[in-house]
Amino acid sequence: MICIDDLNDWIGCMGENASAITPNIDRLASQGTLFTNAHCQTALCGPSRASIMSGLRPSTSGVYGQIKDNDVRTASSAMEGIKFLPEYFGMNGYKTMGIGKIFHGHAPDGVFQQSGGREGGFGPKPEGKKRFHWDNQGTSTDWGAFPDADEKMPDYNSAHWAMDRLNEKHDKPFFLTVGFVRPHVPWYVPQKWFDMHPLDQIQLPPYKKDDKDDLPEMALKVDELAMMPTTDWAIETNQWKDIVQAYLASTTFVDYYVGEVLKALENSPYKDNTIVVLWSDHGYRLGEKGTFAKHCMWQEGTNVPLIVKTPSGVGGSKNNNPVELLDIYPTLLDLCGLPPNSSNEGTSLKSLLDNSKSKWKDAAVTTFGRNNHAVVTEEYRYIRYENGAEELYDRAVDPNEWDNLANKPETGGIKLMLQKYLPKTNALWSPKSSMKHNPYFIKNMAENSASK
């Protein structure tokens, strides 16, 4: 299982940015199934990963914000007794191994039988000086060519640890996870990766200056991100292409080390009987909707790469059904013939891997804070906030989600149809989980906390 931090849909096989260079992820997609309409449960690292690993929605667990690894088990009553994904495999005879960022940090104590841990932070920082371009508190955001060698990057070491495990002899089936931190900010990678993305060849994402004029006030409150650069700032300072270049360089860097791990698998005795799943915890906005951030319920924040390769599967399949990262846990149990975990709220993707035309659920659901949800189908994205404010987008004719149709009388029936997918449970905020990047969430946590 390969986990990548903050990787949006800018990979070659998804075709969302022509400047993307990701040959190794693309090759994996050509060997397995690429889910082009996969969505995270929350566009924020901690709650997204807690959901994947526990098999519970944030609206069930109350984990809406960041959380320490060892607090996930006791975050709420819903989490009591939950077996995390690697633990469940360990209970069923697997050797479990992990390195790097898998939960928000690395992993709760005891989740892996063999752990390589995680280097602190997100890699080396420039010495003796402030950041190169962006020094706001509350974010690690910055960009530039640094350090001078891949060997100084955490992902280099994580890849080699995973490669060493694949070169070992294992006497029983194994569950191996490697968690890469790039392209998480700061967008620092050595110069050679920048050189692969010349500025004059960079493709910027679509941007509409008045995009937010038709949004409800609640959407603007949720999206208040004072610590992040705005698109207008990036345009005025002529930094937009530089930021996109740094993100793409970081993406190409991590793709290379994904390839190194996959090459080690292909050269190992396990190549013909190993399932590979690759996912990112959420997307990332590179100027869309006015900012550079995750933190949202729009397409750029929720759509993620999800690839599943099975030894017997048909390669090169693309599936556009709405699927969720929540589906990873039950899918892996199903593919490995393990007993289903009755607490899982996701659905196994095995039927879609076997037959892309199989009947499937109609919607994926993303949550951002308590009782704020996005429902995504093949045709629509419907967003409903805790105060009843709404957004609705026709994804076929408006892929950039610029035209909010929610207030048009003729869309009433569509909204009613999509509302049935909204979670019925909206657990109180876990007192061990927090999101303090804007005033709305600080107030929301205070009013809706289970610790009150």
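This is a predicted model: local features need pLDDT of at least 70, side-chain atom pairs count only at pLDDT 80 or more; totals for chains, interfaces and linings use all residues.
Strands β17 (residues 373-376) and β18 run antiparallel and are joined by 4 bridges. The protein chain as a whole has 14 helices and 19 strands. Its radius of gyration is 21 Å, close to the 22 Å that the globule rule gives for 452 residues, so the chain is as compact as a globular protein of that length.

**Around strand β18**

- Of the 5 residues in β18 (residues 380-384), 4 are buried, so the strand is largely enclosed by the rest of the structure.
- Arginine 381 is one to look at: its relative accessibility is 0%, which counts as buried.
- Arginine 381 forms a salt bridge with glutamate 401, where the closest N and O atoms are 2.6 Å apart. Glutamate 401 lies in the loop between β19 and α13 (412-419) and arginine 381 in strand β18, so the pair ties together parts that are 20 residues apart in sequence.
- Glutamate 401 has a relative accessibility of 2% and counts as buried too.

**Other salt bridges**

- In total, the structure holds 25 salt bridges.
- Aspartate 5 and arginine 49 meet through their side chains in a salt bridge, at 3.6 Å from N to O. Aspartate 5 sits in the loop between β1 (2-4) and α1 (23-31), while arginine 49 belongs to helix α2 (residues 45-54), so this pair ties together parts that are 44 residues apart in sequence.
- Both aspartate 5 and arginine 49 are buried.
- A network of salt bridges links Asp5, Arg49, Lys101 and Asp281.
- Lysine 209 and aspartate 232 form another salt bridge, with 2.9 Å between the closest N and O atoms. Here the linked parts of the chain are distant, 23 residues apart: lysine 209 is in the loop between α6 (191-195) and α7 (217-222), and aspartate 232 is in helix α8 (residues 231-236).
- Lysine 209 counts as exposed, at 63% relative accessibility, whereas aspartate 232 is partly exposed, with a relative accessible area of 26%.

**A three-stranded open sheet**

- An open sheet of 3 strands has the order β12-β3-β15, with mixed pairing. At its edges stand β12 (303-304) and β15 (323-324), each with a single partner strand, so one side of each is left without a neighbour in the sheet.
- Strand β3 (residues 38-39) runs parallel to β15, and 2 bridges join them.
- Histidine 39 has glutamate 324 in β15 as its bridge partner.

**Nonpolar cores**

- The largest nonpolar core has 60 residues, and those with the most contacts inside it are Ile2, Phe180, Trp187 and Leu286. Helix α9 (residues 240-266) gives the most to this core, with 15 residues.
- Not counting residues up to four places away in sequence, phenylalanine 180 touches residues including Ile2, Cys3, Ile4, Ala159, Val254, Tyr257, Val258 and Val261. Asp5, the salt-bridge partner of arginine 49, is also among the residues that phenylalanine 180 touches.
- What else is there in the way of cores? Another core of 43 residues lies apart from the largest one, and its members include Cys40, Leu56, Ile102 and Phe103.
- More generally, nonpolar side chains tend to be buried together in soluble globular proteins.

**The chain as a whole**

- Taken along the principal axes, the C-alpha atoms of the protein chain fill a box of roughly 60 × 50 × 45 Å.
- Buried residues make up 61% of the 452 residues.
- The protein chain exposes about 17600 Å², and carbon and sulfur atoms supply 48% of that area.
- Among contacts with a separation of 6 or more, 71% are between residues 24 or more positions apart.

Notes: Residues are numbered from 1 along each chain as its sequence is written. Side-chain values use heavy atoms; hydrogens and water are left out. Buried means under 20% relative accessible area, exposed over 50%, partly exposed in between (1.4 Å probe, protein chains only). Two strands pair if DSSP finds at least two bridges between them. A salt bridge is a side-chain nitrogen of Lys or Arg within 4 Å of a carboxyl oxygen of Asp or Glu. The radius of gyration is taken over C-alpha atoms; the globule rule is 2.2 Å times the number of residues to the power 0.38. Contact means heavy atoms within 4.5 Å. Accessible areas come from the Shrake-Rupley method with a 1.4 Å probe; for residues, only the protein chains shown count as cover. A nonpolar core is a set of buried Ala, Val, Leu, Ile, Met, Phe, Trp, Tyr and Cys residues joined through side-chain atoms within 4.5 Å.
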